[in-house]
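Hi there,

Here is the structure I promised to pass on. Have a look at it first, and my notes on its pockets and salt bridges follow below.

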Amino acid sequence: MRLGDVVEAVITLRAYERAVEDVVVVDLLPAGFALEREAPTGTLNTQAVEARGDRLIAFADVAPGRDQTLTYRLRAVAAGSFAVPAPYAQAMYAPATTARG
């Protein structure tokens with residue numbers, strides 16, 4: 001990857017038995033990357049999305065029985081080798097309901 005290259009990040013969520021409401025999805029950005037200014041897309045029913053300097057945070061309801069995606073773009077802004085942290089999700093009012101990518 002070269003400085004200035006753009007990559008697409010895709011997070012896939014699935015609720016297996018029942019819908020999960022009020023889910024927060026957090027994707028920490030790898031060092032050396034910045035979020036593009038365009039809005040995330042995908043099939044996940046998001047109520048709000050926050051773009052911060054080091055992470056993307058989405059608030060959503062996850063319907064049961066099908067994969068739902070959240071897609072956004074990142075730009076390489078620094079040269080080097082960087083680790084990619086795993087995204088995670090948690091039901092805000094049922095904290096025992098969690099997932100990690």
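For the classes used here, Ala, Val, Leu, Ile, Met, Phe, Trp, Tyr, Cys and Pro count as nonpolar, Asp, Glu, Lys and Arg as charged, and the others, including Gly, as polar. Please keep in mind that this is a predicted model.

With those classes, the lining of the largest pocket splits into 13 nonpolar, five polar and four charged residues. That pocket has a volume of about 440 Å³. Of its 22 lining residues, L13, R14, A89, T98 and A99 lie nearest the centre. Strands β1 (6-13), β2 (20-28), β7 (88-91) and β8 (94-100) each contribute at least two residues to the lining.

The second largest pocket holds about 160 Å³ of space. It has 15 lining residues, with A9, D27, Y72, L74 and V84 nearest its centre. Its lining has 13 nonpolar and two charged residues, but no polar ones. The biggest contributor is β1, which gives five residues.

Now to the salt bridges, of which there are five. In one of them, R73 pairs with E38, and their closest N and O atoms are 2.9 Å apart. R73 sits in strand β6 and E38 in the loop between β3 (33-35) and β4 (45-51), so this pair ties together parts that are 35 residues apart in sequence. R73 is partly exposed, at 33% relative accessible area, and E38 is partly exposed too, at 43%.

Another salt bridge joins R52 and E50 (2.6 Å, N to O). D54 and R55 also meet in a salt bridge, at 2.9 Å from N to O.

Best wishes

Key: Residues are numbered from 1 along each chain as its sequence is written. This is a predicted model: local features need pLDDT of at least 70, side-chain atom pairs count only at pLDDT 80 or more; totals for chains, interfaces and linings use all residues. Side-chain values use heavy atoms; hydrogens and water are left out. On a 1 Å grid over the protein atoms alone, a cavity is a set of points where a 1.4 Å probe fits but cannot get out, and a pocket is an open set with protein on both sides within 12 Å along at least five of seven lines; lining residues have an atom within 4 Å of a point. Grid points are joined across faces, edges and corners, and a volume is the space filled by probe spheres set on the points. Helices (H or I, at least four residues) and strands (E, at least two) are DSSP runs, numbered from the N terminus. A salt bridge is a side-chain nitrogen of Lys or Arg within 4 Å of a carboxyl oxygen of Asp or Glu. Buried means under 20% relative accessible area, exposed over 50%, partly exposed in between (1.4 Å probe, protein chains only).
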